[in-house]
Amino acid sequence: MTATTRADIPGAARVVVKVGSSSISGDGAHRIDTIVEALSRAHGAGTEVVLVSSGAIATALPLLDLEGRPNDLATQQAAAAVGQNVLMWRYQTSLDRFGLLAGQVLLTAGDLENATHRSNARRAMERLLGLGILPIVNENDTVATHEIRFGDNDRLAALVAQLIGADVLVLLSDIETLFTLPPSEPGARPITDVAWGDDLSEFEFGAGVVNGVGTGGAATKASAAKLASTAGVGVLVTSADLVASALSGEDVGTWFAPNPDPVTLATGSVGAVTRAGTLSA
């Protein structure tokens, strides 16, 4: 059943959790263990969990002696090929502590636009979940181009949540909650709850790119949260350090209440959302 409040999260049957590059790469790599521990605890309680993880390119930067995220597509693709392998190894090494197995799922925007590919992606993730495996989803940056990209993994996570009929989406960030203004600015106030239908246009969420390794930010999280909540999926935005609290239903982060009567949505170039809140097959 769709989580209508934070308190419903521990009882959700299916949860999608998304984490960004800056939270798990460089000095933040230790958070992989923190995230895996929280996901494993939820899995042990009977919740089916899908992890959408950025970080392939960021993970590769020090390995390839690159000082920052490359600008040219070919180097981005090469870095993604190297980094995705290392990133999955790090996740699996951490999951070994709990006897869990990860399954890699790499998607492009075209995979969710094409009905056959979309159906295949859904079937594969359903089977992985049925086998007790943790699907780890990322954009397939090795073959994606600038013209056919999700834009950020927050949007990808919202679409995956719809695709598999998740009960809740948790977007992990570098900050505990969204603010009415960039938090460094005077007068910025935390946003704890967003009721369905609330107008967010008065808030200034800041630039989409907030660091040298990631492509997300508060604006993309707010946009993805609205996309998922419109389709009937409750969304929590909070810090990666609070993932355990988030999955325990504690009063943290910014909660986006789901649409009580989900309607058909247009999702840009990646298909349509049905009344049930999933991408049409």
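**Close-up views of a predicted model**

View 1. Helices (H or I, at least four residues) and strands (E, at least two) are DSSP runs, numbered from the N terminus. This is a predicted model, in which local features need pLDDT of at least 70 and side-chain atom pairs count only at pLDDT 80 or more, while totals for chains, interfaces and linings use all residues. Residues are numbered from 1 along each chain as its sequence is written, and side-chain values use heavy atoms, with hydrogens and water left out. H7 spans residues 153-163, and ten of its eleven residues are buried, so the rest of the structure largely encloses this helix. Here, buried means under 20% relative accessible area, exposed over 50%, and partly exposed in between (1.4 Å probe, protein chains only). Among the buried residues of H7 are Asn153, Leu156 and Val160.

**View 2. Strand S1 between two partners.** Which way do the side chains of S1 point? Arg14, Val16 and Lys18 point one way, Val15, Val17 and Val19 the other, and all are buried. In a regular strand the side chains alternate between the two faces of the sheet. S1 covers residues 14-19, and six of its six residues are buried. Two strands pair if DSSP finds at least two bridges between them. S1 runs parallel to S2 (residues 48-53), joined by six bridges, and Val15 stands opposite Val49 in S2. S1 also runs parallel to S5 (residues 168-173), with five bridges joining them; here Val16 stands opposite Leu169.

**View 3. Asn138 and its surroundings.** Look for Asn138 in strand S4 (residues 134-139). Asn138 is buried, with a relative accessible area of 2%. Which side chain does the side chain of Asn138 meet in a polar contact? The partner is the side chain of Gln84, at 2.9 Å. A polar contact is a pair of N or O atoms within 3.5 Å; within protein, one must be able to donate a hydrogen and the other to accept it, and residues adjacent in sequence count only if both atoms are side-chain atoms. Leaving aside neighbours within four places in sequence, Asn138 is in contact (heavy atoms within 4.5 Å) with residues including Ser53, Val105, Asn153 and Leu156.

**View 4. Asp65 in a loop.** Asp65 sits in the loop between helix H3 (56-63) and helix H4 (73-95). Although Asp65 is not a glycine, its phi is positive, about 55°. Is Asp65 buried or exposed? With 69% relative accessibility, Asp65 counts as exposed.
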